[in-house]
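Have a look at the sequence and the 3D picture first, then read on.

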Amino acid sequence: ESNQFCDAGIGYRESECGLDSVSPSKILIKGGTVVNAHRQQVADVYIEDGIIAAVQSNFKVGDDVTVIDAMGKYVMPGGIDPHTHLAMEFMGTETIDDFFSGQAAALAGGTTMHIDFIIPVNGSLSAGYEAYVEKAKKSCTDYGFHMAITKWDETVSKEMEVMVKNKGINSFKFFLAYKGSLMISDELLLEGFKKCKSLGALAMVHAENGDAVFEGQKRMIELGITGPEGHALSRPPMIEGEATSRAIRLAGFVNTPLYVVHVMSIDAMEEIARARKSGKRVIGEPVVSGLVLDDSCLWDPDFKIAAKFVMSPPIRGPGHGKALQAALSTGILQLVGTDHCTFNSTQKTLGIDDFRKIPNGVNGLEERMHMVWDSMVVSGQISVTDYVRLTSTECARIFNIYPRKGAILVGSDADIIILNPNSSFEISSSFHHSRSDTNVYEGRRGKGKVEVTIAGGRIVWENDELKVVPGSGKYIKMQPFSYLFDGIDKADAEYLSSLRAPVKRFKTTS
Ligand code: URP
Ligand code: ZN
Ligand code: ZN
Ligand code: ZN
């Protein structure tokens, strides 16, 4: 059997990959509970040529169709992760998961699409785009791109237009942190917001005050705190709250929708709650690490353990995760990402003597669907339909690819998971599919297990085996002017007319 699709680095068994991985194009998922964000029903799902062709009871098929029994199980849209960093050059190294290993991990955990952040090359968007097109050639599942904006001039402004109009990118991320590398000024932020608005592209922010972080880091080093705990101590929640508030207010000033990535603290969440209450269009994305972990491990005496939890904004103290979960269940926050950005323990050692040099990032692509299910559905905090909304549908709506993605409807892409609520999952770096030698969820077990993943109409995960083909993943172009932009022009017109009301002044003579 040919072995040409195997990736030696990832260590799959021979049976897990190869040419036999091309599954039949006709699949019937029988008798499961089909869950969409808007409702759930017992039905069969029939797939042909990568597309959902029917959702109905007692669907009859011929014997050329592969039938999967899903009785007693949930049949749900594959997860969509709005926030990943695969093959990203960052902090003097490159993430250990690339577009193949990261996506393989995603599929094994029930995520069938992710949106990755293109980092410009020396500020150039087109060079960044070309580099990521290259990186993504080995993709084994569908993906889209956001793009970071790291400097500002006429070229960048024009390139943003090209990205939106020709390249399928409808969102741009602005970093308010990482002083000296990715961080941008408020002036640039305003320019960027204005441009995003005119293009119908969603502005995203990494909300931490980079100058304050710099000051906090100096303070820790002066105190002799050089270990991983110094990372969290140097950038407390108030620093995240400040930047979140500032970004929200500046986006409001421009009147353009805003997406706050990796909301890690109560402080940031409360700013989002306040803004939404006053009618502002602000989306808040917590990430799974922030929902289910706390900062205690940063104090672990073993550097290897402590360092694997270093990410920005930091994983917070006990209480923040529960509050973020509650905010998700009540609609203050809208969807869950991962910020999957993995560095192995050797890479993390770059910061052995200085926490400022520990590459920032944690894993999550393979774990998100299970961890959210276990911590929020099993506990009864959210419904199964809400689970689908938070892990898939809302992401598809925000980035304007719904209902092609994020739904089990006739005509949608056949990206589907079958989750058995009576089975259980276990997480360990010894058998996960990321290339990292560590896992921040090491040893976790819980209820619910993604038993089957179907991506693009192919069975890619079944019986704990991956059948992935590099190059089979498609780039999903995303159109501008999502629902978040509806009515923005009316609010603008109202604002302008209020300014134009003439002020009658008395002419005074002496
Ligand atoms: O620690 C993190 N979050 N690393 C990835 C880069 C970012 O800020 O999203
Ligand atoms: Zn192999
Ligand atoms: Zn970030
Ligand atoms: Zn990130």
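## A marked lysine

UniProt positions are given here in the numbering used for this model, feature names are shortened, and annotations may be inferred rather than shown by experiment. With that in mind, an unreviewed UniProt entry places "modified residue: N6-carboxylysine" at Lys-173.

The model is predicted, so local features need pLDDT of at least 70 and side-chain atom pairs count only at pLDDT 80 or more, while totals for chains, interfaces and linings use all residues. Residues are numbered from 1 along each chain as its sequence is written, and chains are lettered from A and ligands numbered from 1 in the order in which they are written.

## Around Lys-173

You'll find Lys-173 in strand E11, residues 171-175 (strands, E, are DSSP runs of at least two residues and helices, H or I, of at least four, numbered from the N terminus). Lys-173 is buried, because 22 other C-beta atoms lie within 10 Å (buried takes 20 or more, exposed 12 or fewer, partly exposed in between, with C-beta atoms placed from the backbone).

Leaving out residues up to four places away in sequence, Lys-173 touches Phe-117, His-146, Ala-148, Met-204, His-206 and Val-261 (contact means C-beta atoms, placed from the backbone, within 7 Å).

## The sheet

Seen as a whole, the open sheet has 7 strands, paired in parallel in the order E6-E9-E10-E11-E12-E13-E14 (strands pair if DSSP finds at least two bridges between them). Strands E6 (79-84) and E14 (282-284) stand at the edges with a single partner strand each, so one side of each has no neighbour in the sheet.

Strand E13 (residues 258-260) runs parallel to E14, joined by 3 bridges; Tyr-259 has Ile-283 in E14 as its bridge partner.

Technical notes: Contact = placed C-beta atoms within 7 Å.
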